Amino acid sequence: MSRRSPLQESKAVKWLLIGVAFLYIALILLLPLGTVFYEALRGGVATWMEAVTESNARSAITLTLLVAAIAVPLNVAFGLAAAWAITKHDFRFKPLLLTLIDLPFSVSPVVSGLIYVLLFGAQGWFGSTLQDRGIEIIFAVPGIVLATIFVTFPFVARELIPLMTEQGKSDEEAALSLGASGWQTFWHVTLPNIRWGLLYGVLLANARAMGEFGAVSVVSGHIRGETNTMPLHIEVLYNEYNFAAAFAVASLLAVLALVTLVLKSILEWRHRGAIAARGH
Amino acid sequence: MSIRVEEVSKRFSTYPALAGVSLEIVDGEFVALLGPSGSGKTTLLRIIAGLDFPDSGVIRFGDRDVTDDPAAKRGIGFVFQHYALFGHMSVARNIAFGLDILPRRARPARAEIEARVDELLKLVQLEGYGERYPAQLSGGQRQRVALARALARNPRFLLLDEPFGALDTKVRRELRDALRIIHDEIGLTSIFVTHDHEEAFALADRVAILNAGRIEQFAAPAEILERPASPFVTSFVA
């Protein structure tokens, strides 16, 4: 062992702090998560399988994956564009754009959902116009996608902006001075520089997109087999006292979230050399 | 090719960075832009490079007005104070970058690019370092790679922004000598920015001394020492 560092507390304090941290995580995070899996599998694997393969559950799973598959790529494109604009260029209204990007973080998800009901609902601003043309947004999949995009859009941009600010503009300027076009600079220089931050932003946005309850709940209409996402389906089952099925679907949702976390850890581990070589 | 800077002004939100600067650099010359921080020397270099654009004034390369041309179209090589090497690319790919990104019809064959990379590695005395990554090199080596990369496309001018600023004295001297030798070998019109007057006088054919966005004197080192044009020059080179 090396000698004590000047910042280090005594052994007892150190272990006490580590112990408290672990205990806290165990009580607040692991215990509830464990309960979900315990309750989900208490009735046996057959019951679990039945709950997640039943037709309403299958449609909820499909819808959740579909919504994430639309919302996440759109927010990656938007997040990249916004972060690029904010960190590599100077323009007026930059602070305003930054504030707007943060809006979904400060607005309650329920309000986010209501905004779309007020705009596109039957009594909303564009409601009658849409109805005349037979376009359904509220109580249909487009509304759910819109609400999900709204609540997840800061994740990628917020992950990238500090990273790209820290990296500065000189790599891009070097590429330009070597004759690269804007697109070549982005593709060969900027993107490789930010890939880890981007990946992390994508995972966070994806986890939130699959798990969002409030905003989606307002616009969905809770039509079974049609507009229920996994979180909404879980609530319906729970309200019907169908605990075994509710926990089964909940455990599957938790697994989806854990898969993204594990994926991130694997990627970080496999590319640890490259990450270390970059120096951050 | 010569560079003409005509009445160039540039203002950053509150203060003028350049207040009507004119300068003529002849073909093959090695020029230093010397001045204290905030004197506008880096801004002037970046405007010549096309990395910044003037509020008024004209930049000419030869007879051509390039004032509105972007950096990518100016045919320059630029060396940054902190190297700006691409960390995810090997030394060889860094040096080849300017060639690798050329459109297919203009791009040299693979073997030609590799030969050019080897030639440049030899020029900057880094033979055999092609497969390394920037993070595995010392500061001096990185700046040599940056120099090789800037030369890869045979630029018309070489522009260097405080190229030795981040290096220690010994490495600084070695690299300074190497740069002078390379300049004399290729005969490339070169401009470098520095705040160190000894460095400027040791290296440059002519030195432009900037203060508060204006050129105080532009002359050969000996003449500046003999006949300083203003009290500022006298005190700055003392």
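These legends describe close-up views of a predicted model.

Local features need pLDDT of at least 70, side-chain atom pairs count only at pLDDT 80 or more, and totals for chains, interfaces and linings use all residues. Residues are numbered from 1 along each chain as its sequence is written, chains are lettered from A in the order in which they are written, and side-chain values use heavy atoms, with hydrogens and water left out.

**View 1. Chain A is built from 14 helices and zero strands.** Helices (H or I, at least four residues) and strands (E, at least two) are DSSP runs, numbered from the N terminus. The C-alpha trace of chain A spans about 60 × 60 × 30 Å along its principal axes. Chain A has 280 residues, and 39% of them count as buried (under 20% relative accessible area, 1.4 Å probe, protein chains only). Among contacts in chain A with a separation of 6 or more, 72% join residues 24 or more positions apart. Contact means heavy atoms within 4.5 Å.

**View 2. Helix H3 (residues 55–88) of chain A packs with helix H8 (residues 154–167) of chain A.** Their axes come within 8 Å and cross at roughly 30 degrees. Axes are lines fitted to C-alpha atoms, for helices over the stretch in contact, and angles run from 0 to 180 degrees between N-to-C directions. H3(A) and H8(A) are therefore roughly parallel (an angle under 35 degrees). H3(A) contributes A:Asn75, A:Val76, A:Gly79, A:Leu80, A:Ala83, A:Trp84, A:Ile86, A:Thr87 and A:Lys88 to the contact. From H8(A) come A:Val156, A:Ala157, A:Leu160, A:Ile161, A:Met164 and A:Thr165. By class, the contact has ten nonpolar, four polar and one charged residues. Ala, Val, Leu, Ile, Met, Phe, Trp, Tyr, Cys and Pro count as nonpolar, Asp, Glu, Lys and Arg as charged, and the others, Gly among them, as polar.

**View 3. H3(A) also packs with helix H12 (residues 230–239) of chain A.** The angle is about 150 degrees, and the axes lie 8 Å apart. That makes H3(A) roughly antiparallel to H12(A) (an angle over 145 degrees). A:Asn56, A:Ala57, A:Ala60, A:Ile61 and A:Thr64 of H3(A) meet A:Met230, A:Pro231 and A:His233 of H12(A). Five of these residues are nonpolar, three are polar and none is charged.

**View 4. Chain B has a mean pLDDT of 92.** pLDDT is the predictor's confidence in each residue, from 0 to 100. In chain B, 100% of the residues reach 70 or more. Confidence is lowest in helix H5 (residues 169–186) of chain B, at a mean of 87. Helix H2 (residues 91–100) of chain B is highest, at 96.

Definitions and conventions: Parallel < 35°, antiparallel > 145°, perpendicular 65-115°, else oblique. Buried < 20%, exposed > 50% of the residue type's maximum accessible area, 1.4 Å probe, protein only.
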